[in-house]
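Here is a short report on a few side chains and their surroundings. Please look at the sequence and the structure first.

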Amino acid sequence: SSQDAHSFAVVPGLSPNTALDANGLLNFHLRTGYPMPYVGTPLAEVTEDFDGEPRVAPYDIGADQVWIDVAVAKTASPALLSPVAAVTYTLAFSNLINAGSSVATGAVISDRVPLSVTITGVASSTFGSGVRITQTSGAPNFAWALSDLAMGAGGVITLTGFLNPDATAAGALITNTATITA
């Protein structure tokens with residue numbers, strides 16, 4: 001076929017699930033690892049993919065927009081602290097497995113630890129092929145850069161420390177929230 005300078009011919013990498021869905025339609029979602037995601041040209045008149053999800057940059061080629069869905073959940077143990085008490089913060093992160101998900105690139109986890117908490121140790125573990133965590137800044141504004149996260153890949157970052165002796169009174173609320181962006 002004749003192609004212009006913006007065209008290329010590849011196997012599109014559609015989902016291998018060719019069963020009919022509840023509406024009697026075939027599954028034409030894009031799969032991870034194929035060249036169709038993130039190489040499309042925006043068209044003002046096309047605002048949603050065929051699932052009714054918004055088309056946002058970077059655009060995919062075809063009728064499906066691949067979605068990156070990363071998440072981080074943070075827990076503190078114990079939940080209630082008194083001065084000099086030990087604390088462990090656990091940050092569990094992953095690229096969630098959802099229809100249309102793809103590889104998450106450029107993900108960064110941030111955690112601003114309250115000044116009333118002294119962190120004495122940082123450890124991490126991962127699951128999924130090739131996942132790496134690189135700490136890029138330390139206390140109190142921790143940040144970690146993540147390698148590419150395939151669907152279902154993730155890990156855990158554990159911060160250990162203690163509540164400073166001159167910290168607020170026992171029972172006071174100490175807020176500590178972690179975020180992830182990709």
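The text below covers one lysine and then an aromatic pair.

This is a predicted model, where local features need pLDDT of at least 70, side-chain atom pairs count only at pLDDT 80 or more, and totals for chains, interfaces and linings use all residues. Residues are numbered from 1 along each chain as its sequence is written, and side-chain values use heavy atoms, with hydrogens and water left out.

**Lys74**

Lys74 lies in strand 1, residues 70–77 (strands are DSSP runs of E, at least two residues, numbered from the N terminus). Its relative accessibility is 22%, so Lys74 counts as partly exposed (between buried, under 20%, and exposed, over 50%, with a 1.4 Å probe and protein chains only).

| Side chains | Distance |
|---|---|
| Lys74 and Asp111 | 2.6 Å |
| Lys74 and Asn176 | 2.6 Å |

Lys74 and Asn176 are 102 residues apart in sequence, yet their C-alpha atoms are 8.7 Å apart. The charged end of Lys74 also sits over the ring of Tyr89, 4.5 Å from its centre (the cut-offs are NZ of Lys or CZ of Arg within 6 Å of the ring centre and within 35 degrees of the ring normal).

**The aromatic pair**

The whole structure holds one aromatic pair (ring centres within 6.5 Å; planes under 30 degrees apart are stacked, over 60 edge-to-face, the rest tilted). Phe142 and Trp144 form this stacked pair, 5.6 Å centre to centre with 5° between the planes. Both Phe142 and Trp144 are buried.

Conventions
Rings of Phe, Tyr and Trp (its six-membered ring) pair if their centres lie within 6.5 Å; planes under 30 degrees apart count as stacked, over 60 as edge-to-face and the rest as tilted. Helices (H or I, at least four residues) and strands (E, at least two) are DSSP runs, numbered from the N terminus. A polar contact is a pair of N or O atoms within 3.5 Å; within protein, one must be able to donate a hydrogen and the other to accept it, and residues adjacent in sequence count only if both atoms are side-chain atoms.
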